[in-house]
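Subject: A structure to look through

Dear colleague,

I am handing over a structure that I would like you to read alongside the notes below. Please open it first and keep it in view while you go through them.

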Amino acid sequence: KIPGGRFEQGDVEKLGEPSRKPVRPVTIKSFLMGKHEVTFGEYDRFAIATGRMLPSDETWGRGRQPVINISWQDAKDYAQWLSGKSGKRYRLPTESEWEYAARNGGMEEIWAGTSDSERLPEYAVYGRNSRGTAPVGGKKPNGLGLYDMSGNVAEWVEDCWHENYNGAPTDGSAWLEIGDGDCKLRVLRGGVW
């Protein structure tokens, strides 16, 4: 469970990323979020049950490896299938929810769990400490108990692509087509290996 709160969303680290400007205050309601990325083991059950092709693992392995090579629509379909199987409601997080959760409830951390580059290998799977993806949950979680929010694989969120945050909602909701959103393109968060 991610408690609600208020935070500054965007390029608070001043990294110069135009798509994350302007920084703006956002209020988030509490929500639930998976503690790690969806694994091949979890996704493969869905693919087999629905007659889909299994996505390629690029020879990095299946099981507890985070699923890769799936589209935004595949992720949406998986959440819908899981909702039907479990009787609970699953969905993709909004971009605001994802950033709030990755930042440990809005703290101004550069990476999920730390802003100290010396400690980054404790929290993230990335090019300098891996040769591909790694099983989920193998690094330290951030302060909210979420794993792999920085690195390993990019994660789909609900929002459509916008060039910047001008006119973005401040209530934590997904930003769709309003304000010149391009819903043929969707937002990925978290960085990748």
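Which residues of H1 are buried? Before the answer, please note that this is a predicted model, in which local features need pLDDT of at least 70 and side-chain atom pairs count only at pLDDT 80 or more, while totals for chains, interfaces and linings use all residues. Residues are numbered from 1 along each chain as its sequence is written, and side-chain values use heavy atoms, with hydrogens and water left out.

The buried residues of H1 are Phe 40, Tyr 43, Asp 44, Phe 46 and Ala 47, where buried means under 20% relative accessible area, exposed over 50% and partly exposed in between, with a 1.4 Å probe and protein chains only. They cover an arc of only 160° around the axis, which puts them on the same side of H1; the arc is that of the directions from the helix axis to the C-beta atoms. The face turned away from this buried side carries the exposed residues Arg 45, Ile 48 and Ala 49. Helices (H or I, at least four residues) and strands (E, at least two) are DSSP runs, numbered from the N terminus.

Among what covers the buried residues of H1 is H2. Helix H1 (residues 40-50) and helix H2 (residues 72-86) pack at an angle of about 85°, with their axes 10 Å apart, the axes being lines fitted to C-alpha atoms, for helices over the stretch in contact, and the angles running from 0 to 180 degrees between N-to-C directions. That makes H1 roughly perpendicular to H2, a term used for angles of 65 to 115 degrees. In this contact (heavy atoms within 4.5 Å), Glu 42, Tyr 43, Arg 45, Phe 46, Ala 49 and Thr 50 of H1 meet Asp 74, Asp 77, Tyr 78 and Trp 81 of H2.

Helix H3 (residues 95-102) has eight of its eight residues buried, so it is largely enclosed by the rest of the structure. Its cover includes strands S1 (5-9), S2 (24-28), S3 (155-161) and S4 (182-189).

Strand S3 also holds Glu 158, which counts as buried because its relative accessibility is 15%. A polar contact of 3.0 Å joins the side chains of Glu 158 and Lys 76; such a contact is a pair of N or O atoms within 3.5 Å, and within protein one must be able to donate a hydrogen and the other to accept it, while residues adjacent in sequence count only if both atoms are side-chain atoms.

With best wishes

Methods
Angles under 35 degrees count as roughly parallel, over 145 as roughly antiparallel, 65 to 115 as roughly perpendicular and the rest as oblique.
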